[in-house]
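Colleague: I am new to this one and would like to go through its aromatic rings. Please show me the structure.

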Amino acid sequence: MSMSIGAIILYSHSGAQRELTFKTSGLNIITGDSKTGKSAIIDIIDYCLGRSSCNVAEGVIRRGVSWFAVRLLNDDDELLVARRNPGPGSDSGGEIYVRRGSYPTPPPFDDLARNMVETDLISLLSRFVGISENEHRPQSGTRLPLQATIRHALFLCFQKQDEIDNRDRLFHRQGDQFIPQAIKDTIPYFIGAVDEQHFLRQHELDMARDALRELEVRAQRQREQRNVDVGRIRRLVTDGKRVGLIVPEYEPVETDIALEVLDRAARTDLGSANTLPDFGDSIARLRGEQGTLRASLERVTDEVRASRLMMSEQSTYTRESHEQRARLSSIGLYKVDAEGHHCPVCDSELAVPTPAAAQVANALRTVTTQLAAVEVEQPHLQSHIEGLEQRRGKLERDLVEAQTALNRLIADDARARAQQDLLVDQARVIGRIGAFLDALRPGEGEIDVTPLIEAARRRVETMEAAVNADDVAQRLDTYLNLISKQMSRFAESLDLEHSGSELRLDLKKLTVVADTIDGPIPLNRMGSGENWVGYHVLTYIALHWWFRKRGRPVPATLIFDQPSQAHYPAERDQEGSLDPLDDKDRHAVQALFELMHQACQEIDGLQLIVLDHAHLADKWFEEAIVEEWRRDRFLVPPSWDVRAR
């Protein structure tokens with residue numbers, strides 16, 4: 001058994017209750033006049049079963065009802081769902097109250113309070129009706145996977161007044177955006193072409209694919225680590241040649257040989273190289289000696305300069321002294337007055353006395369003595385200058401030798417530094433080569449995943465075969481053929497156009513097709529409202545025959561609103577009697593209700609609720625009437641209307 005409607009409970013704003021009870025299986029008929037609330041039944045049930053918006057028409061019901069509730073039954077399990085009426089002018093935001101378990105009476109008005117959100121309600125109802133974990137995965141396009149819920153199942157349970165005679169739309173809400181595709185995606189699950197075992201196998205396939213993907217990623221990582229990059233090999237060989245690790249003549253041609261060459265280069269022992277001398281101390285010592293020699297050379301040069309200056313001054317003094325002595329020596333040619341009052345040449349008396357001859361003679365002796373002293377010292381000074389010159393020459397030679405030695409040491413130091421830089425560069429290149437070669441070698445404990453990948457791939461192929469989309473399509477075609485045969489059988493009891501042809505349900509176009517000798521004829525090319533209503537009714541009955549036969553998780557409740565409207569419009573209603581109808585229309589209405597009665601007899605567990613004006617005189621019809629709303633009887637008592645107060 002699957003979920004059925006036990007009752008609809010309405011609460012007024014003052015807390016009064018109105019309960020409409022149904023038989024859980026068989027035919028349930030609510031007949032009555034227009035504008036009594038029959039068409040609101042589907043909207044109330046749909047709203048309580050998780051629809052986001054409340055589509056109950058504005059009027060007495062929207063004004064007078066504060067909470068809508070339905071009691072749902074599934075074998076011994078019972079669930080009551082109540083939703084607050086959003087009120088006039090609004091269609092969303094109703095609070096949700098849920099109570100699970102069997103209770104003798106509906107919950108009192110004061111107990112109604114929000115205890116669930118809409119998404120949780122849909123999940124709860126889906127589990128309650130028996131919908132298991134499922135997922136439709138589109139084979140192409142960008143649509144996301146879709147999980148069937150109670151909301152999708154209800155597309156197969158309702159036929160509103162403006163849907164049951166629609167030539168272009170077969171299913172409930174088929175005209176709403178995205179709904180047709182949702183019906184196409186989920187009906188294979190509800191029919192059973194993809195059952196619970198399919199989804200278990202699909203889950204196992206997902207896990208197998210994940211395991212295969214993980215192994216492939218691991219293998220790809222190993223390949224990347226071991227991948228021989230020819231360009232990088234050439235760059236490493238070039239670096240090795242530049243630093244002298246590889247002979248300059250070698251050119252990489254074959255990868256394996258190039259790797260061997262790089263391996264030998266990476267094994268070069270730089271630690272065995274001779275220790276390079278440190279020329280820093282020697283250079284510093286020579287530069288110190290060079291400074292000392294320069295200082296000594298400067299001092300000797302200064303002494304030579306000073307000695308030569310002295311010798312030059314002595315030579316000048318000697319020359320002047322000779323001239324002076326020569327002048328003084330001429331005093332002996334004249335008669336000299338001792339007092340110096342007379343001129344020694346003309347003997348005339350002088351106003352200024354001339355120096356005394358003794359003084360001149362004394363001066364001459366002094367000059368001669370000094371001149372002799374100078375002439376005695378001059379050879380010694382000359383010898384001193386020569387000694388200084390020799391010393392300066394030696395210092396200059398020592399300075400040149402020191403500079404030569406320093407230049408040689410600096411050159412040796414530069415060569416040593418270049419060699420040191422080369423060793424550092426070689427070490428760097430060896431490190432890069434070693435790292436490259438290490439990446440090519442398998443790590444410790446690393447295993448070859450190739451056999452594991454092959455095993456995982458075989459497992460995925462096996463699971464894909466078990467979840468073959470072609471098998472699903474074949475099962476779907478088979479089940480649709482069986483449903484179509486049942487549609488053709490049900491059509492035999494109705495006098496419909498093409499009822500003698502083979503009928504089929506076309507899920508791609510979501511319509512009924514009659515296969516005739518003139519070709520396929522879809523529903524929208526069949527004339528008259530009688531055909532449209534008849535094919536809607538028999539299609540839904542055939543689907544529910546299959547659902548109940550296969551125990552599928554679709555509510556066992558099927559609701560038709562005004563199925564007789566093509567023959568029994570509201571303006572011809574006379575207390576539900578068929579007497580105002582002509583024979584053809586009366587026969588058509590009778591046949592339609594007899595088909596529904598017959599279906600309830602054949603389909604175990606089907607709850608068929610019919611909302612209509614007609615009231616047949618047959619006993620089985622009378623027994624199926626749940627309530628009759630005529631002569632001031634309504635779904636909602638007029639006293640509940642807030643405007644009537």
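Colleague: Why is Phe68 called buried?

Modeller: This is a predicted model. Phe68 has a relative accessible area of 0%, and buried means under 20%, so Phe68 counts as buried.

Colleague: What makes Tyr47 buried?

Modeller: The relative accessible area of Tyr47 is 0%. The cut-off is under 20%, so Tyr47 is buried.

Colleague: How many aromatic pairs does a search of the whole structure find?

Modeller: The search finds nine aromatic pairs.

Colleague: Why is the pair of Tyr47 and Phe68 called edge-to-face?

Modeller: The ring centres of Tyr47 and Phe68 are 6.3 Å apart, and rings pair if their centres lie within 6.5 Å. Their planes stand at 85 degrees. Planes over 60 degrees apart count as edge-to-face, so that is the name for this pair.

Colleague: Which parts does that pair tie together?

Modeller: Tyr47 belongs to helix α1 (residues 40–48) and Phe68 to strand β4 (residues 65–74), so the pair ties together parts that are 21 residues apart in sequence.

Colleague: Why is the pair of Trp545 and Trp546 called tilted?

Modeller: The planes of Trp545 and Trp546 are at 50 degrees, with the ring centres 6.1 Å apart. Stacked needs under 30 degrees and edge-to-face over 60, so this pair is tilted. Both Trp545 and Trp546 are buried.

Colleague: Where does the charged end of Arg99 sit?

Modeller: The charged end of Arg99 sits over the ring of Tyr103, 3.8 Å from its centre. The charged end of Arg552 sits over the ring of Tyr189, 5.2 Å from its centre.

Notes
Residues are numbered from 1 along each chain as its sequence is written. This is a predicted model: local features need pLDDT of at least 70, side-chain atom pairs count only at pLDDT 80 or more; totals for chains, interfaces and linings use all residues. Side-chain values use heavy atoms; hydrogens and water are left out. Rings of Phe, Tyr and Trp (its six-membered ring) pair if their centres lie within 6.5 Å; planes under 30 degrees apart count as stacked, over 60 as edge-to-face and the rest as tilted. Helices (H or I, at least four residues) and strands (E, at least two) are DSSP runs, numbered from the N terminus. Buried means under 20% relative accessible area, exposed over 50%, partly exposed in between (1.4 Å probe, protein chains only). A charge sits over a ring if NZ of Lys or CZ of Arg is within 6 Å of the ring centre and within 35 degrees of the ring normal.
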